[in-house]
Amino acid sequence: MFELQSERQAYLEVLLHESKKVVRMVRAFPVHSLHHRHPDCGMTAIDLAGAFVRHVRRIEELASSRPAGSPFAEQRTRGGLLMEFELALESARSVLTRQSPERWADVIDAPADLAPWRQGRRGELLWMALRELSRHSRHFARHLSDSREDDGGREPDLTPVLATDGR
């Protein structure tokens, strides 16, 4: 039992770390470039920020085995998406911290676009979903880097916005 609790705690710590990076990057993105389509992938920073919310909602769905709901931000604004991201993150963290170690080891159906198999251990699928969030974060970081170059190389304010009190 101890090992499962340790794995879950490690997962929560990595999730929080990745989430802090996401929030800093989204906040650092130049406002005037949020809706510009990137030439390589054709996506805007707002599109990519919305996908962060979907990634965290998927983590919540895997943790709870029930639909997490759809995003509620009607306006595609940075503030609305950041608020939605933080609410989805808090909901996912809440489900994960209340979960018993036995549920972490349950075998559940795997989302078709996440895993190459039909089922997997909940913990394994959660790590895979977190890896996808991290990959998406690196994609967003490339957009941020390109926007800095377009903005004359000014360094944005990367002040952390999420609490670091271990909640």
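Colleague: What should I know about the model and its numbering?

Modeller: This is a predicted model, in which local features need pLDDT of at least 70 and side-chain atom pairs count only at pLDDT 80 or more, while totals for chains, interfaces and linings use all residues. Residues are numbered from 1 along each chain as its sequence is written, and side-chain values use heavy atoms, with hydrogens and water left out.

Colleague: What is the mean pLDDT of the chain?

Modeller: The mean is 84, and 81% of the residues reach 70 or more. Here pLDDT is the predictor's confidence in each residue, from 0 to 100.

Colleague: Where is the pLDDT below 50?

Modeller: That applies over residues 155-167. Beyond near neighbours in sequence, this stretch has 22 contacts in the model, a contact being heavy atoms within 4.5 Å.

Colleague: How many helices and strands are there?

Modeller: The chain has 5 helices and 2 strands, in the order α-α-α-α-β-β-α along the sequence. Helices (H or I, at least four residues) and strands (E, at least two) are DSSP runs, numbered from the N terminus.

Colleague: And what percentage of the residues is buried?

Modeller: Of the 167 residues in the chain, 46% are buried. Buried means under 20% relative accessible area, exposed means over 50%, and partly exposed lies in between (1.4 Å probe, protein chains only). As for contacts between residues at least 6 apart in sequence, 69% join residues at least 24 apart.

Colleague: Let us turn to Val-31. Is this residue buried or exposed?

Modeller: Val-31 counts as exposed because its relative accessibility is 57%. Its place is in the loop between helix H1 (2-28) and helix H2 (45-64).

Colleague: Changing topic, how many aromatic pairs does the whole structure hold?

Modeller: The search finds 5 aromatic pairs. One of them joins Tyr-11 and Trp-127 edge-to-face, at 4.9 Å centre to centre and 85 degrees between the planes. Rings of Phe, Tyr and Trp (its six-membered ring) pair if their centres lie within 6.5 Å; planes under 30 degrees apart count as stacked, over 60 as edge-to-face and the rest as tilted.

Colleague: Which helices do Tyr-11 and Trp-127 belong to?

Modeller: Tyr-11 is in helix H1 and Trp-127 in helix H5 (residues 122-150), so the pair links distant parts of the chain, 116 residues apart. Tyr-11 is buried, at 0% relative accessibility, whereas Trp-127 is partly exposed, with a relative accessible area of 29%.

Colleague: And what about Phe-52 and Phe-85?

Modeller: Phe-52 and Phe-85 also form an edge-to-face pair, at 6.3 Å centre to centre with 70 degrees between the planes. Because Phe-52 lies in helix H2 and Phe-85 in helix H3 (residues 78-98), the pair ties together parts that are 33 residues apart in sequence. Both residues are buried. Ring pairs also link Phe-29, Phe-52, Phe-85 and Phe-140 into a cluster.

Colleague: Now the charges. How many salt bridges are there?

Modeller: The count comes to 9 salt bridges, each defined as a side-chain nitrogen of Lys or Arg within 4 Å of a carboxyl oxygen of Asp or Glu. Among them is Glu-7 with Arg-121, whose closest N and O atoms are 3.1 Å apart. The Glu-7 and Arg-121 pair links helix H1 to strand E2 (residues 119-121), 114 residues apart.

Colleague: Which residues are linked with Arg-121 in a network?

Modeller: Glu-7, Arg-121 and Glu-124 are linked in a network of salt bridges. In the bridge between Arg-121 and Glu-124, the closest N and O atoms are 3.9 Å apart. Arg-121 is partly exposed at 22% relative accessibility, and Glu-124 is partly exposed at 38%.

Colleague: What does Asp-106 meet in a salt bridge?

Modeller: Its partner is Arg-122, at 3.4 Å from N to O. Arg-122 is buried, with a relative accessible area of 1%, while Asp-106 is partly exposed at 29%.
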